[in-house]
Every structure is written in structure tokens, then in C-alpha cells.
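User: I'd like to go through this model and ask what stands behind each label. Can you set the values against the cut-offs as we go?

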Amino acid sequence: MRNLSSWRRPPHQTLILTSSIVSFFRHLTQSPPLPDHIHDPPFSLTPKTSTPKDNVKKKTKKKKKKQKENGESTKGRPFPLKSDLPFDFRYSYSETNPSVQPIGFREPPRFSPFGPGRLDRKWTGTSAPAEEVVDPAVLSEQREAVLGGSLSDDEIAELVERYRHSDCSRQINLGKGGVTHNMLDDIHNHWKRAEAVRIKCLGVPTLDMENVCFHLEEKSGGKIIYRNLNSILLYRGQNYDPENRPVVPLMLWKPYAPIYPRLVKPVADGLTFEETKEMRNRGLNSPPLMKLTRNGVYVNVVERVREEFRSEEVVRLDCTHVGTSDCKRIGVKLKDLVPCVPILFKDEQIILWKGKNH
């Protein structure tokens with residue numbers, strides 16, 4: 001007990017310690033408040049002063065809202081838009097055949113991809129036909145007036161050297177949709193600041209580059225001055241005026257493809273059921289003529305198939321990883337270009353028969 005009692009503090013020391021603690025807390029409560037900037041976050045939340053740029057953005061938004069209420073487009077043209085282009089509007093011009101009529105639709109034809117009340121043409125499910133028929137001679141004169149005189153070899157060489165390279169900023173990629181309607185607007189937008197635009201073609205449309213070039217010139221009004229495999233340079237013309245460019249109403253969405261008759265029949269024309277079955281088995285067991293890649297360049301496929309049909313009756317094309325839809329698109333084009341008869345699409349393999357009258 002004597003040892004434990006020696007560890008206890010004397011009463012006067014306890015009073016001194018308690019009084020010091022009380023005086024410390026009293027000092028804290030009576031000290032002046034800390035400045036506000038100590039508690040502020042690293043980035044101040046004070047509102048920013050409006051700049052002239054912000055005021056311009058607010059005015060632009062109010063102007064667009066007012067145009068929508070008044071039924072006007074953002075370019076200042078009233079809805080419905082009226083276009084003087086003399087051809088029927090389609091989603092794709094190079095990948096559709098107007099002579100083949102669909103047997104059904106996947107969406108009601110009354111739903112126009114241009115939007116309700118935005119175009120003065122009626123949508124039929126596949127196209128928006130032009131209401132007025134224009135004389136082709138008049139169109140040819142107007143096109144020649146915009147193109148002006150023919151360019152010299154030096155001028156063409158200068159344009160080609162400027163725009164043909166892969167790092168050119170004036171480039172449009174043309175995919176499996178081919179020459180689409182909205183691509184025409186992209187071409188004219190490039191022509192505002194450049195004399196020519198480079199078009200790089202990939203996929204199914206490269207099977208028939210002549211068709212692609214025809215629709216590019218006819219629909220845009222320009223002229224192709226250079227072509228190398230899948231690369232095209234489209235020239236706008238010497239007298240092209242961006243302020244008087246044609247009105248190209250934009251499609252707001254891609255319409256669903258209509259339903260067409262079956263491409264492959266159960267029994268090929270000119271053959272019996274057993275002969276058709278035998279041809280299909282021969283094609284599947286034969287070595288592939290070519291192996292096609294997805295979004296590749298198919299400019300020499302038609303010529304290769306024609307040469308193979310001189311010695312073989314059935315040809316197989318290996319389209320692994322190309323996709324089922326692209327396989328059928330390739331078969332449709334080869335049927336007309338070679339010509340031949342597609343007799344089987346299976347496991348991304350295309351079997352072609354040269355036909356009776358080949």
C-alpha cells in the first residue's frame with residue numbers, strides 16, 4: 001500500500017492541471033473565427049462571369065428553337081423542303097435495282113426516313129420519286145456549264161498529287177451501302193473548301209466500280225479525274241458555286257430493306273432436283289477459287305470467276321468472316337456481272353454454277 005500511494009499525484013497538482021485545460025478550452029471558444037478561404041475547396045464554386053462566346057451560344061439556341069416553332073430548318077429554309085434534283089431519292093443508288101420490285105416491307109411505307117412533313121415528295125417504301133420530269137438535254141447543258149472547259153494535263157496532275165494520298169483530309173469512305181443519299185451532301189460540303197474530294201471504296205460495291213463511278217458523276221454533277229483500283233477523285237468543276245449548291249434533304253435514319261424474292265431456288269433453272277443437289281455437293285467439296293475478306297477490295301473477282309468458268313462448271317468462293325448479308329449481296333452482283341447462277345449459300349461459302357447457256 002505504501003508503494004501504490006507513492007504514485008498518486010498530490011491534490012494541488014491535479015487542480016493546476018484541471019485549471020489549465022479549462023483555460024485552454026475557454027481560449028478556443030473566445031478566439032476569433034477562422035477566415036472563410038481556409039474551408040474553401042481547391043476549385044472555387046463561385047459562378048463564372050458570362051463571356052461573349054456564351055452569349056452567342058444562348059442566342060443560337062434560342063434562334064434554332066424559334067425556327068423549329070415556325071417550321072423552318074436550321075439553314076433557314078421552310079419545311080417541307082423542295083429539291084430541284086431530277087432523280088428519285090433512294091437510300092442507296094448504286095446497290096439497289098429499281099427494276100426489281102419488292103414483295104413486302106419490314107416497316108409501313110408511310111414512314112418516310114426524311115421525317116414527317118420535311119420533304120415535298122412522297123415516300124413509297126423504297127424511294128421518293130421526283131414529281132417533275134426534266135429534259136436530259138437541259139440537264140446535260142447545266143452540268144457542262146458548271147464543269148466548264150476541260151482541264152489540262154498539268155492541272156489534272158496537280159489535283160491528283162494534292163488529293164490522291166491516303167492522308168488527305170478531303171476523303172469520304174464508301175462502304176457496303178454504296179453511293180448513299182446522304183453522301184451527296186457530304187460531297188458538296190467538301191466542295192465548299194476543296195476543288196476535289198477523294199472517295200475510298202471498300203466492300204461489296206467494289207465488285208462493280210463502273211456502276212459506282214456512274215452514280216457518283218450523275219448524282220453529284222461532278223467529274224471523275226482519277227481512278228486507281230478502289231480510289232476515286234471527284235472534281236467539282238471550274239464554275240462551281242458553293243452558294244448555289246443543290247438542296248439535298250438529309251435522311252434522318254436508314255430505312256429497313258424491303259423483302260425481295262428468294263435469290264436461290266430449291267431447284268436451279270435447267271436442272272432437276274438430283275442434278276442441283278449433285279452440283280451443290282461438288283461445289284462444297286471443290287477447292288475455293290478465292291478467299292474474300294470483310295470490307296475488302298473485290299475489283300478483280302468478276303474477271304477471276306469468268307476465267308474459272310472456262311474450265312470448271314461450279315465455282316466456290318470462301319467468304320469466311322465476311323458476313324451472311326454481304327455474302328448474299330456478292331451473289332446478287334455476280335449473278336448479273338458474270339453472269340452465273342448462285343445455287344447455294346452455306347457457312348459463308350458461295351457456290352456458283354455457270355448455267356446452261358454459258
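Analyst: One cut-off to begin with: a residue is buried when its relative accessible area is under 20%. By that rule Met209, Asn211, Val212, Cys213, His215, Leu216, Lys219 and Ser220 are buried in α7. Keep in mind that this is a predicted model.

User: What do the buried residues of α7 pack against?

Analyst: Their partners are β1, α6, β2, β3, β4 and α10 (324-337).

User: How do you know what span to expect for α7?

Analyst: The expected span is 1.5 Å times one less than the number of residues. α7 has 12 residues, and its first and last C-alpha are 16 Å apart, close to the expected 16 Å. Just past the helix, Gly221 has a positive phi of about 85 degrees.

User: Why is Cys213 called buried?

Analyst: Its relative accessible area is 8%, and the cut-off is under 20%, so Cys213 is buried. Cys201 comes out at 0%, so the label is buried there too.

User: What makes Asn230 buried, and where does it lie?

Analyst: Asn230 is in the loop between β3 (223-228) and β4 (231-235). Its relative accessible area is 10%, which is under 20%, so Asn230 counts as buried.

User: Which residues touch the most other members of the largest nonpolar core?

Analyst: Phe89, Ile187, Ile199 and Ile232, out of 28 residues in that core. The elements giving two or more residues to this core are β1 (171-174), α6 (181-191), β2 (196-201), α7 (209-220) and β4. Apart from it there is another core of 21 residues, including Tyr298, Val322, Cys340 and Ile350.

User: What does Ile232 touch?

Analyst: Leaving out residues up to four places away in sequence, its contacts include Val197, Ile199, Cys201, Met209, Val212, Cys213 and Tyr226.

User: Why is Asn295 partly exposed rather than exposed?

Analyst: Exposed needs over 50% and buried needs under 20%; Asn295 is at 41%, so the label is partly exposed. Glu348 gets that label at 26%.

User: What is the phi of Asn295, and of Glu348?

Analyst: Asn295, in the loop between β5 (290-291) and α9 (301-309), has a positive phi of about 55 degrees. Glu348, in the loop between β7 and β8 (349-353), has a positive phi near 60 degrees. Most residues other than glycine have a negative phi, so such values get flagged.

User: What is the omega of the peptide bond from Val338 to Pro339?

Analyst: It is near -10 degrees, and the bond is cis. Pro339 is in the loop between α10 and β7 (341-346).

User: Where does pLDDT stay under 50?

Analyst: Over residues 1-7, which have 0 contacts beyond four places in sequence. The protein averages a pLDDT of 84, with 78% of the residues at 70 or above.

How values were computed. Residues numbered from 1 in each chain as written. Predicted model: local features only at pLDDT ≥ 70, side-chain atom pairs only at ≥ 80, totals over all residues. Heavy atoms only, no water. pLDDT = per-residue confidence, 0-100. Contact = heavy atoms within 4.5 Å. Helix = DSSP H or I, 4+ residues; strand = E, 2+ residues; numbered from the N terminus. Buried < 20%, exposed > 50% of the residue type's maximum accessible area, 1.4 Å probe, protein only. Core = buried A, V, L, I, M, F, W, Y, C linked by side-chain atoms within 4.5 Å.
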